[in-house]
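Visitor: I am new to this structure. Could you show me how to read its strands and its core?

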Amino acid sequence: VPLIIKSKDRAGTNITSGSFHYYDYDVTGNESWTPQNNPAAVMYGDDKDTIRIENTLRIHKGASLAMNGLVVELGGQGRIILEADANTNDYGSQLLLTNSKLTSFRGCGNEDSVWQGVIVKGNASKGQQAITANANGVTRYQGMLVMNNSEISYAREAVRLWSADNPSIGIDGTGGIVVATGSRFYNNTRS
């Protein structure tokens, strides 16, 4: 049974414990994850249907991540952050889930653990309308979560449409978008 240990390398960088594939994962372009194109399976040769992230999956402004047929398990402090335009001409990020699940890592004696949830950032001074449409989806200024036949489970707050990272932003950080079709929010403290 692997142990969950938080540690740092000699440079002070967080490194993942033995139970997780990544400590943090940053999406800065357009990525597509499937069982055949799973970055954890390519790197570690593990289960092709599961990715484990201990801390943060961050989708940066202008980037998109499409997941199809995967389970993403996050640690107790784990969260997914979708960034939005910050009063520039940048676009918001997108997370597109199809037949996928975001849930807590519940192995190794953590059967009661929950993860933090998805934060979909927005910008109250920008509209929610589509700017452009292309093969990677629809571009908007706001962060956007799209769920098709997918699930978010065992989170403290399944989806939050504002950021608690910087409380001084207040209402100006609202405007994130969620579109859920045929999907469910299961056993979350708050959905």
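**Reading the strands and the core**

Guide: Keep in mind that this is a predicted model.

Visitor: What holds strands together in a sheet?

Guide: Strands of a sheet pair through backbone hydrogen bonds, in a parallel or antiparallel way. Here, β9 (residues 94-98) and β14 (residues 144-148) pair in the parallel sense, over 5 bridges.

Visitor: In what order do the strands of the open sheet lie?

Guide: The order is β4-β6-β9-β14-β17. That makes an open sheet of 5 strands, with parallel pairing. β4 (30-33) and β17 (177-181) each have a single partner strand, so one side of each lacks a neighbour in the sheet. On average, neighbouring strands of this sheet are turned by 5° against each other, direction ignored.

Visitor: Which strands does β8 pair with?

Guide: Strand β5 (residues 50-59) runs parallel to β8 (residues 79-82), with 4 bridges between them. T56 has R79 in β8 as its bridge partner. β8 is also joined by 4 bridges to β11 (residues 117-120), again parallel. There, I80 is partnered with V118 in β11.

Visitor: Which residues touch the most other members of the largest nonpolar core?

Guide: M67, L95, L102, V118 and L145 do, in a core of 29 residues. Strands that each supply at least two residues of this core include β3 (22-27), β6 (64-68) and β7 (71-74). β5 gives the largest share, 4 residues.

Visitor: What does L145 touch?

Guide: Leaving out residues up to four places away in sequence, L145 touches L82, L95, L97, V118, V120, I152, V159, I177, V178 and V179.

Notes
Residues numbered from 1 in each chain as written. Predicted model: local features only at pLDDT ≥ 70, side-chain atom pairs only at ≥ 80, totals over all residues. Heavy atoms only, no water. Pairing = 2+ DSSP bridges. Axes fitted to C-alpha atoms, helices over the stretch in contact; angles between N-to-C directions. Core = buried A, V, L, I, M, F, W, Y, C linked by side-chain atoms within 4.5 Å. Buried < 20%, exposed > 50% of the residue type's maximum accessible area, 1.4 Å probe, protein only. Contact = heavy atoms within 4.5 Å.
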